[in-house]
Every structure is written in C-alpha cells, then in structure tokens.
Amino acid sequence: MDFRNFTILYVDDEVQNQVTFKSTYREYYKILTATGAKEALAILHKQPVHLIITDQRMPEITGVEFLEKTVQEFPDIIRMVLTGFSDVDDIIRAINTGRVFRYITKPWDAAEMKMIIDNALNLYYLQETNHKLVIDLQGKVLEQEKTLKMFQKYVPAEIVATILDDNATISLFEGENREVSIMFCDIRNFTNISSHRSPKEVVNILNDFYSIFSDIIIQHNGSVNKYIGDEILALFGAPVSHINNHLNAVYCALEMTEALQKIKSKWEPVINQEFRIGIGINTGEAIVGNMGSEVKLEYSVAGDTVNVAKRIEGLTKNTPNAIFISEQTYESVKDFIVTKELESVLVKGKDEEIKVYQVLGRK
C-alpha cells in the first residue's frame with residue numbers, strides 16, 4: 001500500500017531527533033513535527049493526522065499523558081511512544097488501556113521503525129474502512145426500513161413478514177378460505193360534496209376520513225384492505241385471525257360512528273351540509289390471499305360474503321350513520337349488542353330475502 005497520503009506527527013523536544021526522523025521517512029509519508037504537547041495539539045486542530053509518534057520524556061508532560069489528552073477528541077488516530085527501558089511499565093499500562101498502540105525502544109532502527117509504522121497505518125486504514133462500511137450499512141438499513149414502512153402502507157404487515165420469511169413455503173399467489181367479517185364504510189352523498197369543492201379539499205376530507213377510521217379499525221384487530229373512492233373495505237379475521245373477529249368488527253363500527261363527530265365538527269362548516277356515513281357488515285367464508293399478476297400484487301378478498309356485505313352497506317342510504325349487519329354476524333354477536341331487526345330484503349345476487357339488523361349499541 002502507498003502510504004504517501006498518510007500524515008505522521010512526530011513529537012520530540014530534541015530538534016535533531018525531529019530532523020533525523022523527517023529526513024529518514026519523508027519519502028514514504030507526510031511528516032509533521034512538534035517540540036511538545038502544546039504545539040502538537042495545535043497541529044492536530046489544524047489538519048488531519050493518522051499516526052502520532054511521541055517521545056515519552058518531554059519537559060511539559062510525558063508522552064503518555066499527551067496521548068491521553070488526544071483520545072477523546074481524536075479517537076481514530078493511532079498512537080505510539082518512543083521510550084527507554086525505564087519507562088516500559090508505564091507504557092505497557094497505557095497499551096493495556098487502549099490509549100497507546102505500541103511502544104518503540106530507543107535508539108530505534110530505521111528499517112524496524114518503518115515496518116512498525118506501516119503496520120500501524122494498515123491498522124488505521126482497516127479501521128477507517130470498517131467505519132465507512134458500518135456507516136454505509138446503517139444507511140442501507142435505514143433506507144430498507146423506510147421502504148418497508150412505505151410497503152406496509154400498501155400491503156398488510158403480516159403479509160410483508162411472510163414474503164420476507166426465507167422459510168415461508170406458501171406461494172405468493174396461493175389463496176385460502178377463511179371465515180371473516182367484512183366491513184364496508186361509505187361516505188354518503190360524497191359525489192355532491194366533491195363537485196362543490198376543490199381537488200385539494202376533497203383529498204383533505206378523504207385523508208381525514210381514512211386516517212381516523214383506519215386507526216380505529218387497527219385498534220380493533222382489523223385490517224384495512226382497500227380505499228375505494230369514498231369507501232373503506234376492512235377485514236376482521238384476515239390476514240391474521242383474532243379471538244372474537246365478528247364482535248371486533250361490530251365494536252369497531254360503533255366506535256367509528258362515535259368518532260364521526262370529530263369529522264363532522266371539522267368539515268361540515270366547510271362543505272355546508274351534513275357529513276354522513278353508512279356501515280355494512282357481513283360474516284361468512286371468503287377467499288383471501290394475494291391476487292394479481294407478476295406486475296401488480298394485492299392482498300384481497302373475494303366471494304359472496306363480500307358482495308353481500310356491500311349490498312348491506314347500500315341499504316343504509318336512507319338511515320344516516322347507521323350500522324347494518326347480516327343475520328350471520330348477528331348470531332355471533334347478539335349476546336353483546338343491542339339491535340333492531342329490520343324487514344327482510346332481497347339483495348342483488350341472492351335468490352332469497354336476507355335478514356338484516358341495525359346495531360344500536362352495546363349491551
């Protein structure tokens with residue numbers, strides 16, 4: 001390795017020793033000299049130094065004491081001491097505490113000294129390289145964490161964990177049948193609201209709606225599956241199933257209607273009309289999994305259970321801020337909530353009428 005870009009600071013109160021050292025090694029390294037600790041510290045504050053070699057016996061302070069002063073402010077510099085045999089015990093203690101790389105006895109041999117210096121500068125180079133690698137690695141880790149957090153905004157965190165698991169044997173495109181509760185929550189008359197507002201206002205209203213309600217869904221162990229225009233599709237029981245998925249869905253809906261007041265107080269003065277929602281919940285088997293292509297992949301849900309949930313949500317149009325649930329959901333939660341049975345209705349895609357219940361509160 002070419003060490004000519006490395007700088008050595010040689011500290012010795014005897015000028016002749018400085019001259020000898022500099023003339024011997026200036027073709028191999030950049031050499032700076034100082035007659036004592038004060039002058040040496042001034043040099044260290046002005047320019048970078050990679051290696052300090054100091055005489056132990058100096059009039060101001062000893063070489064080890066000088067090197068101790070440099071440890072905190074210049075931790076990466078390699079430090080060596082020139083000494084006579086009478087000082088060896090003190091030097092060894094300094095070596096053991098990490099303040100000194102090694103000592104060199106006087107008088108020093110030119111060839112041996114160069115070999116020691118080269119070893120010291122190799123160590124500095126390795127330390128510096130490792131330090132840069134660590135910084136690069138930390139940067140890449142932060143970048144990956146940022147990417148992962150962004151990815152989890154589009155894909156449920158549980159699915160991301162499965163994808164990243166090297167031991168995962170499930171295909172990305174493999175679906176499964178799950179019993180789930182499906183929730184649709186829709187803003188009523190949003191077409192009329194958006195037609196009288198600027199695009200920026202419309203986006204702000206939607207983001208507020210999405211943010212407040214998504215937090216509530218997550219708090220009740222649900223998963224936000226899609227934002228569809230002015231509508232939220234949430235799953236309870238997939239991708240991760242919890243105890244009381246169906247009750248979680250209904251309790252979540254109740255809390256959403258309670259939180260609606262926060263949105264109303266903020267946006268009704270702006271839109272000059274009532275802010276209303278409708279929520280529909282259905283329970284049953286559905287196909288859940290990653291659906292799409294190699295170009296675009298999405299964790300999604302499909303099946304009759306989803307379609308019926310959407311039809312039930314549509315029935316709330318004439319009942320502001322109502323929660324309607326299917327008979328299947330009702331049977332799972334009837335001991336915990338107060339409901340009102342509605343007239344049976346025939347919904348699109350079904351040959352027979354279905355029973356629907358309005359949720360009024362908790363028991």
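Lys264 is buried, at 13% relative accessible area, where buried stands for under 20%, exposed for over 50% and partly exposed for what lies in between (1.4 Å probe, protein chains only). The side chain of Lys264 meets that of Glu274 in a salt bridge, 3.6 Å from N to O; the term asks for a side-chain nitrogen of Lys or Arg within 4 Å of a carboxyl oxygen of Asp or Glu. Because Lys264 sits in helix H9 and Glu274 in the loop between H9 and strand S9 (277-292), the pair ties together parts that are 10 residues apart in sequence. Glu274 is partly exposed, with a relative accessible area of 43%.

A word on conventions before we go on. The model is predicted, so local features need pLDDT of at least 70 and side-chain atom pairs count only at pLDDT 80 or more, while totals for chains, interfaces and linings use all residues. Residues are numbered from 1 along each chain as its sequence is written, and side-chain values use heavy atoms, with hydrogens and water left out. Helices (H or I, at least four residues) and strands (E, at least two) are DSSP runs, numbered from the N terminus.

Let us stay with helix H9 for another pairing. Lys266 forms a salt bridge with Asp208, and their closest N and O atoms are 3.2 Å apart. This pair links distant parts of the chain, since Lys266 belongs to helix H9 and Asp208 to helix H8 (residues 199-219), 58 residues apart. Lys266 counts as partly exposed at 46% relative accessibility, whereas Asp208 counts as buried at 17%.

In total the structure holds 13 salt bridges. Another one of them joins Glu176 to Arg178, with 3.3 Å between the closest N and O atoms; Glu176 is partly exposed, at 39% relative accessible area. Side chains of opposite charge can pair when their charged atoms come close. A network of salt bridges links Asp186, Arg188, Glu231, Lys310 and Glu313.

Glu313 deserves a visit of its own. Glu313 is part of helix H10 (residues 304-314), and at 1% relative accessibility this residue counts as buried. Not counting residues up to four places away in sequence, Glu313 touches Phe184, Asp186, Arg188, Glu231, Gly278, Ile279 and Gly280, a contact being heavy atoms within 4.5 Å.

Ile279 also leads us to the largest nonpolar core, which has 41 residues. Such a core is a set of buried Ala, Val, Leu, Ile, Met, Phe, Trp, Tyr and Cys residues joined through side-chain atoms within 4.5 Å. Those with the most contacts inside this core are Met183, Phe209, Phe213, Met256, Ile279, Ile281 and Ile325. Helix H9 (residues 245-271) supplies the largest share, 13 residues. Phe209, beyond its neighbours within four places in sequence, is in contact with Cys185, Ile187, Asp230, Ile232, Ile263 and Ile277.

Asp230 turns up again beside Phe190, which touches Val202, Ile205, Leu206 and Asp230 when residues up to four places away in sequence are not counted. Phe190 is in helix H7 (residues 190-195) and is buried, with a relative accessible area of 8%. Phe190 and Leu206 are 16 residues apart in sequence, with 9.8 Å from C-alpha to C-alpha.

Two other helices show how burial can be arranged around an axis. In helix H1 (residues 15-25), the buried residues are Gln18, Phe21 and Tyr25. They lie on the same side of H1 because they cover an arc of only 70° around the axis, the arc being that of the directions from the helix axis to the C-beta atoms. An α-helix has 3.6 residues a turn, so residues three or four places apart point the same way. Helix H3 (residues 63-71) has Gly63, Val64, Phe66, Leu67 and Thr70 buried; their arc covers only 160°, which puts them on the same side of H3.

Met1 lies in the segment before strand S1 (7-11) and counts as exposed, at 55% relative accessibility. Leu342 has its place in the loop between strand S12 (337-341) and strand S13 (356-362), and is partly exposed, with a relative accessible area of 22%. Apart from neighbours within four places in sequence, Leu342 is in contact with Phe324, Val356, Tyr357 and Gln358.
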